[in-house]
Amino acid sequence: MTTRTTHLPLGQEAIARKGWLGAHKYLLLRRASQLFFLVLFLLGPWFGIWIVQGTLAGSLTLGVLPLTDPFVFLQSLIAGHWPELTAVTGAAIVLVAYALIGGRVYCSWVCPINPVTDGAHWLHRKLGLQKGWQPKRATRLWIMATVLIVSGLSGVIAWELVNPITMLHRGLIFGMGFVWAMVAAIFLFDLFVSRQGWCGHICPVGAFYGLVGTKALLRVSAANRTACDDCMDCYAVCPENQVISPALKGKSDDTPLILSPDCTNCGRCIDVCAEDVFKFTHRFDDLTVAPPEPTAAPEPRASRPF
Amino acid sequence: MSLVGKPLAPNRRRFLQDAARAAGGCLAAGSLLAYLARDARALPAEALRPPGALPEQDFLSACIRCGLCVRECPYDTLKLAELGVDAVATGTPYFTARDIPCEMCDDIPCVAACPTGALDPGLDNIDDAKMGVAVLVDQENCLNFLGLRCDVCYRVCPVIDEAITLETQHNARSGHHAVFIPTVHADRCTGCGMCEKSCVLPEAAIKVLPARLARGSSADHYRKGWEEKEAKGAPVVEGIIDLPDRLPGPGTDNLVAPGGFEPRFNLPEVTQ
């Protein structure tokens, strides 16, 4: 206990060490990516530049590339409709892409609800609120199963009746209606009711994409975990922080790769870590950096005190 | 192995509790979702689906709400239902004939754009589309029914003289004119809504309705005697005895006939 160091508030050490830009690299890239995909869809209706037509549920790029949301596709199948070849092709392309780069890359790099829940989490932290209701992580899988069962029983693509992702996306492109109320409800839910509740515990779309990316190639690795100084910043920013411990706190022969399908590959842990413990790599790169010379890093602790 | 009298192992107990809790929560959420799904099937009568749309029940299992049909519609007829604004299942395409009717493009771009087949790609001739059926709902206000020659619905019909014809009848009001009654023939009407859009009245007297509201149906076992007779070329029932007809003649109450006598009772004279 005597070796415990005093840490600066969340993210400050990373900023001090790497500069503001360095400590927000992946955050900025993610926001750029989210904006890019949104603008791609909006160029047509707003400026008449038709690169992509449609919405996240189904789209056509440059008149040749069809893309279909595989979760909507699956519900349609279960509801009793075998879609035409175009939709089948589109769903297959999306499935393969996310199976390779990580299913939940959709959540943190594309989904338009992500900035909403990130905003709620930012305010939640600023206000120092309690984490509130935290249902089990498996809850979203249960909800996903329920959605599929209801689709089968009712013959309607059930989640699209309430899905805030496609509703917000479609709202921006085709007309909002009362979708803003739904977005506000999710913001308030994440702010007051449940910390990182929607994306982390409820959303069945995220659950589905998590399953898709179970064997994905792109992974975050705690390769430099011997440099970890237990500041806990990564746990504070990670939207799925249960995925960190097995990699970061594993024994020396445990893989440093974050292999949990819950990881959204958002890279927030990479940004916030002053010691550069984490990095993006592929799932076969399980090398751990050798412990650094004692002079190079602040005094590492042998183990956690509890 | 009996469970009675032996407390469950803590892990097992926790597992069962968690499973029961999750199942209960999912049942509640699922019921709510199923209620919404049932609600979504209630398509308002004035909302028409694009050409080739599957029957409503199948449509909601097939339409992924991508909006590609809306994008391809050159006349901005189609729109996607907005949450809480339109009573149509949110995000699905529809049009309101009185606002912008379907222009019945020859190449049916909306159907070609649909990636899932929610708009049936088997529809290759727009004249076979069945978006609804026009019905002259208000005979009291229709100008043609009043004996005027409005004829607008008839003139604008893309399937003129087939889907809408003008049938003449005696004009009882003037006594010496004809009324030209716009008459819809449901087997040729595509439900495009041009007639409803163009009706000159403040509220259209002719409206496109979904077939379920617009049409009755004949019972399967009904046969029309005159058609059967024509098809057979002879009376349908054979061996009918041809009884003598009661023709006017001597002994009948018909003064015109030779030997006829005056009826015992005459209808009262109508005085104008």
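This is a predicted model: local features need pLDDT of at least 70, side-chain atom pairs count only at pLDDT 80 or more; totals for chains, interfaces and linings use all residues.
Reader: Is A:Trp50 buried, partly exposed or exposed, and which residues does A:Trp50 touch?
Author: The relative accessible area of A:Trp50 is 40%, so A:Trp50 counts as partly exposed, since that class lies between under 20% for buried and over 50% for exposed. Leaving aside residues up to four places away in sequence, A:Trp50 touches A:Gly44, A:Pro45 and B:Arg71.

Reader: How are helix 2 and helix 8 of chain A oriented to one another?
Author: Helix 2 of chain A packs with helix 8 (residues 164-174) of chain A at an angle of about 30°, their axes being 9 Å apart. Because angles under 35 degrees count as such, the two helices are roughly parallel.

Reader: Which residues of helix 8 of chain A meet helix 2 of chain A?
Author: From helix 2 of chain A, the residues taking part are A:Leu38, A:Phe41, A:Leu42, A:Pro45 and A:Trp46. By class, this contact has 7 nonpolar, 1 polar and no charged residues. On the side of helix 8 of chain A, the residues are A:His169, A:Leu172 and A:Ile173.

Reader: How far apart are the end C-alpha atoms of helix 1 of chain B?
Author: Helix 1 (residues 10-40) of chain B has 31 residues, so at 1.5 Å a residue it should span 45 Å.

Key:
Residues are numbered from 1 along each chain as its sequence is written. Chains are lettered from A and ligands numbered from 1 in the order in which they are written. Side-chain values use heavy atoms; hydrogens and water are left out. Buried means under 20% relative accessible area, exposed over 50%, partly exposed in between (1.4 Å probe, protein chains only). Contact means heavy atoms within 4.5 Å. Axes are lines fitted to C-alpha atoms, for helices over the stretch in contact, and angles run from 0 to 180 degrees between N-to-C directions. Helices (H or I, at least four residues) and strands (E, at least two) are DSSP runs, numbered from the N terminus. Angles under 35 degrees count as roughly parallel, over 145 as roughly antiparallel, 65 to 115 as roughly perpendicular and the rest as oblique. Ala, Val, Leu, Ile, Met, Phe, Trp, Tyr, Cys and Pro count as nonpolar, Asp, Glu, Lys and Arg as charged, and the others, Gly among them, as polar. The expected span of a helix is 1.5 Å times one less than its number of residues.
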